[in-house]
Amino acid sequence: MNDDKYKARMQRKKDHIDQRIKSASEERGILILLTGNGKGKSTSGFGNVCRAVGHGMRCVVAQFIKGQWDSGERNLLEPMPNVEFHVMATDFTWNTQDRTYDTLKARETWQAVLPALSSPDVDLVLLDELTYIVKLGYLPEEEVLEALQNRPAMQTVIITGRNAPQGFYDIADTISDIRSERHAFDQGIKARKGIDW
Ligand code: ATP
Ligand code: MG
């Protein structure tokens with residue numbers, strides 16, 4: 001491609017991008033759904049929390065399901081003044097095998113994070129592994145959807161977890177369905193500190 005052709009092509013690209021930037025004029029918080037079987041949902045969610053904290057924004061994180069597990073992201077972010085954590089005080093559901101207990105713990109964490117979902121001072125709420133809480137019936141889907149939809153207009157919420165219920169798809173503004181093409185675990189490689197948790 002010669003220089004003139006390159007210039008013309010980039011000009012067309014610029015016109016197109018400028019037009020798209022102009023038409024995106026609405027300012028409001030969004031609902032982001034990070035789902036699918038591939039690796040990268042929670043790390044993306046926490047990466048976004050880091051991004052927001054880096055701008056001095058207020059973030060609230062709820063960690064469902066795997067709360068009692070060691071977590072590098074929690075070790076890093078919890079001491080920060082702009083970040084608040086609510087951690088579900090239980091093990092994986094397949095370890096506890098106690099439905100009543102898991103339901104109670106899930107609801108406790110949900111109740112703890114609810115005030116953040118109605119506080120305009122909170123810029124970003126990460127609900128890590130929330131999908132399971134609804135899928136497993138610990139919380140009614142309608143109750144969760146209602147809280148998400150009634151949140152302050154400028155607040156962004158990120159939900160992670162596999163098998164998101166249809167209701168989450170229906171109301172999310174941004175959806176990334178992360179597909180697993182390959183995972184080291186399937187080749188017998190152990191989960192690694194700093195990589196997998
Ligand atoms: P990460 O926290 O690394 O971003 P994730 O949130 O996308 O992963 P989860 O379903 O929450 O994935 O599972 C968390 C753990 O399971 C991580 O240790 C991750 O590496 C591992 N994992 C993720 N996807 C797969 C997969 N397709 N097969 C096996 N293990 C996986
Ligand atoms: Mg995860």
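1. Which residues point one way from S5, and which the other way? Thr 156, Ile 158 and Thr 160 point one way, while Val 157 and Ile 159 point the other way. All are buried (under 20% relative accessible area, with exposed over 50% and partly exposed in between; 1.4 Å probe, protein chains only). In a regular strand the side chains alternate between the two faces of the sheet.

2. A word on the basis. This is a predicted model, in which local features need pLDDT of at least 70 and side-chain atom pairs count only at pLDDT 80 or more, while totals for chains, interfaces and linings use all residues. Residues are numbered from 1 along each chain as its sequence is written, chains are lettered from A and ligands numbered from 1 in the order in which they are written, and side-chain values use heavy atoms, without hydrogens and water.

3. The protein has eight helices and six strands. These are DSSP runs, numbered from the N terminus: helices are H or I with at least four residues, strands E with at least two. From the N terminus on, the order is α-β-α-β-α-β-α-α-β-α-α-β-α-β.

4. The six strands form an open sheet with parallel pairing, in the order S3-S2-S4-S5-S1-S6. Two strands pair if DSSP finds at least two bridges between them. Strands S3 (83-87) and S6 (174-177) stand at the edges with a single partner strand each, so one side of each has no neighbour in the sheet.

5. Back to S5 (residues 156-160). Five of its five residues are buried, so the strand is largely enclosed by the rest of the structure. S4 and S5 pair over four bridges, and Val 125 has Val 157 as its bridge partner in S5. Strand S1 (residues 31-35) also pairs with S5 over four bridges. There, Leu 34 has Thr 160 as its partner.

6. Strand S2 (residues 59-63) pairs with S4 in the parallel sense over five bridges. Cys 59 stands opposite Leu 124 in S4.

7. Now the magnesium ion (ligand 2). Its protein donors are Ser 42 (OG) and Glu 129 (OE), lying 2.1 Å from the ion. Ser 42 is in helix H2 (residues 41-53) and Glu 129 in the loop between strand S4 (124-128) and helix H6 (130-135), so the pair ties together parts 87 residues apart in sequence. Donors are N, O and S atoms within 2.8 Å of the metal (3.2 Å for Na, K and Ca); water is not among the atoms, so sites may look incomplete. Both Ser 42 and Glu 129 are buried.
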